[in-house]
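Visitor: I am new to reading protein models. Please walk me through one.

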Amino acid sequence: EDAVRRTRQAGMPHLLGWFSGFLAEAYLRVDRLEAARDAAAEALEVTRGVHFWYGIALAERALGRVALSAGDLGEADRHLAAARSGFLSLQAPFEVARTDLDLATVGVARGAADAAARALAEARQSFVDLRVRPYAEKAEQLAAELNLPLTPPAPVTSSDPDAAATAGGG
């Protein structure tokens, strides 16, 4: 809260947007949904105003998490999909995978278990590839909680040898 107040006073919109997003996540962890929603909405407004794309994606994810906590699955899906799209465009695979964890939860709640399982498996694989073992374990734990299989995504198949070499990491 102090960091948000100080950056607001200092007129530092990029940091204000970033810190407001973090504050929203903190409020969410202590079940202060209205405060979380307000902080995330401020983060989104500020980051959009300065075209801070990473901050926009963070704010969208925070709003999605708030909506998920409030049980508004449509709103959660909309914000989380926007966050995922933003992180994809920024080539931020860690943040894409973190967002996929939330999308898997929404998917199960909306009855789309197969899509949720694929998203969760892809997220876990991203964490493994990025060597972020604690998050890979978090994906495994979430799969168990949601009663989803953690099978690897289907391999890319193609008759094009260049595509096969790329898919195989070669």
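Visitor: What covers the buried residues of α6?

Guide: First, the ground rules. This is a predicted model, where local features need pLDDT of at least 70, side-chain atom pairs count only at pLDDT 80 or more, and totals for chains, interfaces and linings use all residues. Residues are numbered from 1 along each chain as its sequence is written, and side-chain values use heavy atoms, with hydrogens and water left out. Now two terms. Buried means under 20% relative accessible area, exposed means over 50%, and partly exposed lies in between (1.4 Å probe, protein chains only). Contact means heavy atoms within 4.5 Å. In this structure, the cover over the buried residues of α6 includes α4, α5 (73-89), α7 (113-129) and α8 (133-145).

Visitor: How many residues of α6 are buried?

Guide: Twelve of the 17 residues are buried, so α6 is mostly covered. Among them are E95, R98, D100 and D102, along with L101, L103 and V106.

Visitor: How are helices picked out, and how many are there in the chain?

Guide: Helices (H or I, at least four residues) and strands (E, at least two) are DSSP runs, numbered from the N terminus. The chain has nine helices and zero strands. Its pattern along the sequence reads α-α-α-α-α-α-α-α-α.

Visitor: What span should the 17 residues of α7 have?

Guide: Take 1.5 Å times one less than the number of residues; that is the expected span of a helix. For α7, 17 residues should span 24 Å, and the end C-alpha atoms are 24 Å apart, which agrees. Helix α6 (residues 93-109) also has 17 residues and reaches 24 Å from its first C-alpha to its last, close to the expected 24 Å.

Visitor: Which residues of α7 are buried?

Guide: They are A116, A117, A119, L120, A121, A123 and F127. These buried residues pack against α6 and α8.

Visitor: At what angle do the axes of α7 and α8 cross?

Guide: Axes are lines fitted to C-alpha atoms, for helices over the stretch in contact, and angles run from 0 to 180 degrees between N-to-C directions. The axes of α7 and α8 cross at roughly 160° and come within 7 Å. That makes α7 roughly antiparallel to α8. The labels work like this: under 35 degrees is roughly parallel, over 145 roughly antiparallel, 65 to 115 roughly perpendicular, and the rest oblique. On one side, the contact is made by L120, R124, F127 and V128 of α7. On the α8 side, the residues include R133, Y135, A136 and A139.

Visitor: Is the crossing of α7 and α8 left-handed or right-handed?

Guide: A crossing is left-handed if the near helix is turned anticlockwise from the far one by less than a right angle, and right-handed if clockwise. The crossing of α7 and α8 is left-handed.

Visitor: How do α2 and α4 pack?

Guide: Helix α2 (residues 13-29) and α4 meet at an angle of about 20°, and their axes are 9 Å apart. The two helices are therefore roughly parallel to each other. Their crossing is left-handed. In α2, the residues that meet α4 are W18, G21, A24, E25 and L28. Their partners in α4 include Y54, L58, R61 and A62.

Visitor: Is E60 buried or exposed?

Guide: E60 is buried, at a relative accessible area of 6%. The residue sits in helix α4 (residues 53-70). Set aside residues up to four places away in sequence, and E60 touches L44, R48, H79, L80, A82 and A83.

Visitor: Where is L90?

Guide: Look in the loop between α5 and α6. L90 is partly exposed, with a relative accessible area of 33%. Beyond its neighbours within four places in sequence, L90 is in contact with W53 and Y54. L90 and W53 are 37 residues apart in sequence, and their C-alpha atoms are 7.9 Å apart in space.

Visitor: Which value does phi of D31 take?

Guide: Phi of D31 is near 60°, a positive value in a residue other than glycine. D31 lies in the loop between α2 and α3 (33-49). At 68% relative accessibility, D31 counts as exposed. N147 is not a glycine either, and has a positive phi of about 60°. N147 lies in the loop between α8 and α9 (161-167). Its relative accessibility is 69%, so N147 counts as exposed.

Visitor: What share of the chain is buried?

Guide: Buried residues make up 38% of the 170 residues.
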